[in-house]
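Here are my notes on this model. Please read them with the structure open.

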Amino acid sequence: MARQFLGKEVNAALNARIKDNVAALKEKGVNPTLCIIRVGENPSDLSYEKGATKRCETLGVACEKILLPVEVTQDELLAVIDKVNKDDSIHGVLLFRPLPRHLNQAVIENALAPEKDVDCMTDLSMSGVITGKKVGFPPCTPQAVMEILDHYEINCTSKDIVVIGASTVVGRPLANMLVRRDATVTICHILTKDVPAATRQADIIIVAAGHAGLLRENYVKPGQIVIDVGINVNKEGKICGDVEYEEVEPIVDAITPVPGGVGGVTTSVLVGHVVEAAQRATE
């Protein structure tokens with residue numbers, strides 16, 4: 001039976017650190033604040049917003065919301081972003097994406113001040129992921145993966161790590177973060193010739209493809225660690241990951257469940273980024 005890397009255990013340690021940092025900031029008269037900007041009523045946005053709001057309340061971080069109609073114009077949204085950029089009481093901003101098609105998402109994303117970009121929306125923040133410089137913040141989901149590896153004391157140095165999924169939201173930034181830890185990283189994607197051959201050679205497999213049940217028993221071998229980033233809904237209407245858990249779990253050494261793994265850590269990472277942004281603003 002594989003060891004489970006549980007999100008709740010990582011959250012407990014991460015949230016304790018965040019609370020200490022919030023207390024230290026409030027002693028200085030600083031109230032760390034997240035601003036959520038939501039366009040329209042996308043159900044997944046509403047769900048994430050609910051979780052983020054609750055986590056902010058739990059950890060003592062203020063949360064403001066700017067809710068805009070789906071027909072908002074580009075100029076109106078840019079004016080909102082300009083306003084929050086100039087508001088010193090707001091330390092981090094979360095803008096839900098994708099935006100409606102009539103909006104130029106690239107222009108809007110890069111209008112946000114990088115120092116308030118707590119989920120790697122801007123090009124400058126992504127440059128910080130690549131260079132390791134403190135420009136903006138890394139995406140919350142890749143950072144959640146790193147928090148799990150750190151919590152369970154997994155040293156990435158010299159490890160062979162396969163990341164399945166090449167998105168700019170998870171796969172690519174995560175690969176860069178792992179390389180900065182001196183891992184040897186292979187990214188697999190939809191055109192990779194033989195994904196099972198690649199994954200069977202890995203020490204750690206991280207699956208972020210958005211494809212339910214993609215990683216099966218023929219992809220793995222004993223001794224491996226599997227991190228499942230995927231969140232899907234199966235035929236029975238239940239939440240599941242990108243890993244066929246019942247097949248893979250008996251073979252590998254450690255695995256994250258879905259639900260109960262990476263997803264729950266992501267929200268704490270978001271709040272932690274807001275707190276760090278507030279710390280940077282006071283320095």
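1. Cys 140 is buried, because its relative accessible area is 1%, under the 20% cut-off. The model is a predicted one, and this value is computed from it. Cys 140 also falls within helix 6, which covers residues 140-151.

2. A disulfide would need the two sulfur atoms within 2.5 Å.

3. Cys 63 deserves a separate look. The closest cysteine sulfur is that of Cys 56, 4.6 Å away, which is again too far for a bond. Cys 63 is partly exposed, because its relative accessibility is 25%. Across the whole structure, the search for disulfides returns zero.

4. Next, the packing of helix 1 (residues 7-27) on helix 6. Their axes are 10 Å apart and the angle is about 100 degrees. Helix 1 is therefore roughly perpendicular to helix 6, as angles of 65 to 115 degrees count as such. From helix 1, the contact takes Glu 9, Val 10, Ala 13, Leu 14 and Arg 17. From helix 6, it takes Glu 147, Ile 148 and His 151. By class, this contact has four nonpolar residues, three charged and one polar.

5. Helix 1 also packs against helix 2 (residues 43-59). Here the axes lie 9 Å apart, at an angle of about 60 degrees. The two helices are therefore oblique to each other. Helix 1 supplies Asn 11, Asn 15, Ile 18, Lys 19 and Val 22 to the contact. Helix 2 supplies Arg 55, Thr 58 and Leu 59. The class count for this contact is three nonpolar, three polar and two charged residues.

6. Last, Asn 85. Where does Asn 85 sit? Its place is in helix 3, residues 74-86. Asn 85 counts as buried because its relative accessibility is 19%, and the cut-off is under 20%.

7. What does Asn 85 touch, leaving out residues up to four places away in sequence? The list is Ala 111, Leu 112, Ala 113 and Lys 116. With Ala 111 there is a polar approach too: a polar atom of the Asn 85 side chain lies 2.9 Å from the backbone oxygen of Ala 111.

Terms used:
Residues are numbered from 1 along each chain as its sequence is written. This is a predicted model: local features need pLDDT of at least 70, side-chain atom pairs count only at pLDDT 80 or more; totals for chains, interfaces and linings use all residues. Side-chain values use heavy atoms; hydrogens and water are left out. Helices (H or I, at least four residues) and strands (E, at least two) are DSSP runs, numbered from the N terminus. Buried means under 20% relative accessible area, exposed over 50%, partly exposed in between (1.4 Å probe, protein chains only). A polar contact is a pair of N or O atoms within 3.5 Å; within protein, one must be able to donate a hydrogen and the other to accept it, and residues adjacent in sequence count only if both atoms are side-chain atoms. Contact means heavy atoms within 4.5 Å. Axes are lines fitted to C-alpha atoms, for helices over the stretch in contact, and angles run from 0 to 180 degrees between N-to-C directions. Angles under 35 degrees count as roughly parallel, over 145 as roughly antiparallel, 65 to 115 as roughly perpendicular and the rest as oblique. Ala, Val, Leu, Ile, Met, Phe, Trp, Tyr, Cys and Pro count as nonpolar, Asp, Glu, Lys and Arg as charged, and the others, Gly among them, as polar.
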